[in-house]
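Work through the exercises below with the sequence and coordinates open. Each task is followed by a solution in steps.

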Amino acid sequence: MIEQYAPILVFILIGLLFGGGLLLVGYFASPTKPSEAKGKPFECGFDAFEDSRMKFDVRFYLVAILFIIFDLEIAFLFPWAVVLDDIGWFGLISMGVFLLLLLIGFAYEWKKGALEWE
C-alpha cells in the first residue's frame, strides 16, 4: 500500500526541501542594513497624517458594493455564452430576463443617485 503513495511522498519531501532551502539561502545571503527610513510605514509616498481608524464617507462603500454586485452578475454571461448552443431558446430567454432585471436595478440605482460622486 505504501508503494502507491511513495512517489507522492517523495515529491512532497523534495518540494519542502527545495522551498525551505531557498528560504534559508535568502535569509542568510540577504544584506541587512536597517535604517529609520526603512522602518517607516508607507503606502502613498508620504507619511500618515491621521488616524488609521478615521471614518470614510458611506458613499465610498455603496459604490464599491454596487461595483462588486454588477461585476459578479456580468460574470454569469461567460459560462452562458459557452453553452448557448446546448440550452437553446430557453437559455436565451432566461438570460434576457436576467439582463432585464439587472438593467432595472441599474436604472433604479442611477435614478436614486447612488452612482453620483460629489
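**Exercise 1.** State which residues the UniProt annotation "transmembrane region" covers, and describe the chain there.

Solution. The unreviewed UniProt entry places this annotation on residues 6-29, 60-81 and 87-108. The model to compare it with is predicted. Residues 6-29 are 100% helix and 0% strand, with 34 Å between the end C-alpha atoms. Residues 60-81 are 91% helix and 0% strand, and their end C-alpha atoms lie 33 Å apart.

**Exercise 2.** Compare the reach of helix H1 with its expected span, then examine its bend and burial.

Solution. Helix H1 runs over residues 2-29, which is 28 residues. Buried means under 20% relative accessible area. The count of buried residues in H1 is zero, so the helix is hardly covered.

**Exercise 3.** Find how many aromatic pairs there are, and characterise the pairs of Phe 98 and Phe 106.

Solution. Ring centres must lie within 6.5 Å, and planes over 60 degrees apart count as edge-to-face. By this rule there are three aromatic pairs.

- Phe 76 and Phe 98 are 6.0 Å apart centre to centre with 85 degrees between planes, hence edge-to-face.
- Phe 76 is in the loop between H3 and H4 and Phe 98 in H5, so this pair ties together parts 22 residues apart in sequence.
- Phe 106 and Trp 110 are also edge-to-face, at 5.6 Å and 75 degrees.
- Both of these residues lie in H5, four residues apart, about one turn of the helix.
- Phe 106 is partly exposed at 33% relative accessible area, while Trp 110 is exposed at 54%.

Note on methods
Residues are numbered from 1 along each chain as its sequence is written. This is a predicted model: local features need pLDDT of at least 70, side-chain atom pairs count only at pLDDT 80 or more; totals for chains, interfaces and linings use all residues. Side-chain values use heavy atoms; hydrogens and water are left out. UniProt positions are given in the numbering used here, feature names are shortened, and annotations may be inferred rather than shown by experiment. Helices (H or I, at least four residues) and strands (E, at least two) are DSSP runs, numbered from the N terminus. The expected span of a helix is 1.5 Å times one less than its number of residues. The bend at a residue is the angle between axes fitted to the seven residues ending there and the seven starting there. Buried means under 20% relative accessible area, exposed over 50%, partly exposed in between (1.4 Å probe, protein chains only). Rings of Phe, Tyr and Trp (its six-membered ring) pair if their centres lie within 6.5 Å; planes under 30 degrees apart count as stacked, over 60 as edge-to-face and the rest as tilted.
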